[in-house]
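Subject: Structure handover

Hi,

Here is the structure we talked about. My notes follow below it.

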Amino acid sequence: GVLLFTLLNPAILYINYFWTQVDILPIFFFTLGYVLLRYVNLGPNSAKRYLIGFFPIIISAFIYRYSLVLVPALVIYESNLKQKFLALLVAIGETGALFAAEFIFFRGGLYNYVGALTGAKNL
């Protein structure tokens, strides 16, 4: 009952969504990915486990980049060298694919960051 009261407390929902404090979102996605990597049995295929487990962690990196710093810690604690290499390869591959999708679909091309600082209008 206490867990449900805390999760469904209107005061927490009000603070997090009315004041647009999205700090809880990357924490949720990172925790979800961690639980999927460490505690959910997805069968003997470790590549499938890494693909599903690292996906929410990389999603959380779109909000705050600290998740990318924590990925090497997750890779270091894998059991053997082959699994460490596979986990690192999957994490880098998913990160590259999702950042490429962000670049193509949301940024729309190369943005001139230095030109934007000058205040000059590009006609």
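A polar atom of the Glu94 side chain lies 3.1 Å from the backbone nitrogen of Phe55. This is a predicted model: local features need pLDDT of at least 70, side-chain atom pairs count only at pLDDT 80 or more, and totals for chains, interfaces and linings use all residues. Residues are numbered from 1 along each chain as its sequence is written, and side-chain values use heavy atoms, with hydrogens and water left out.

Glu94 sits in helix α6, residues 81-107 (helices are DSSP runs of H or I, at least four residues, numbered from the N terminus; strands are runs of E, at least two). Glu94 is buried but has no salt bridge. Buried means under 20% relative accessible area, exposed over 50%, partly exposed in between (1.4 Å probe, protein chains only). A salt bridge needs a side-chain nitrogen of Lys or Arg within 4 Å of a carboxyl oxygen of Asp or Glu. The nearest side chain of opposite charge is Arg49, 12 Å away (Lys and Arg count as positive, Asp and Glu as negative; His and the chain ends are not counted). Leaving out residues up to four places away in sequence, Glu94 touches Tyr50, Leu51, Phe54, Phe55 and Ile58 (contact: heavy atoms within 4.5 Å).

Now the whole chain. It has seven helices and zero strands. Of its 123 residues, 24% count as buried. Among contacts between residues at least 6 apart in sequence, 58% join residues at least 24 apart.

Tyr34 is partly exposed, at 31% relative accessible area. Tyr39 counts as exposed, at 62%.

Best wishes

Methods. A polar contact is a pair of N or O atoms within 3.5 Å; within protein, one must be able to donate a hydrogen and the other to accept it, and residues adjacent in sequence count only if both atoms are side-chain atoms.
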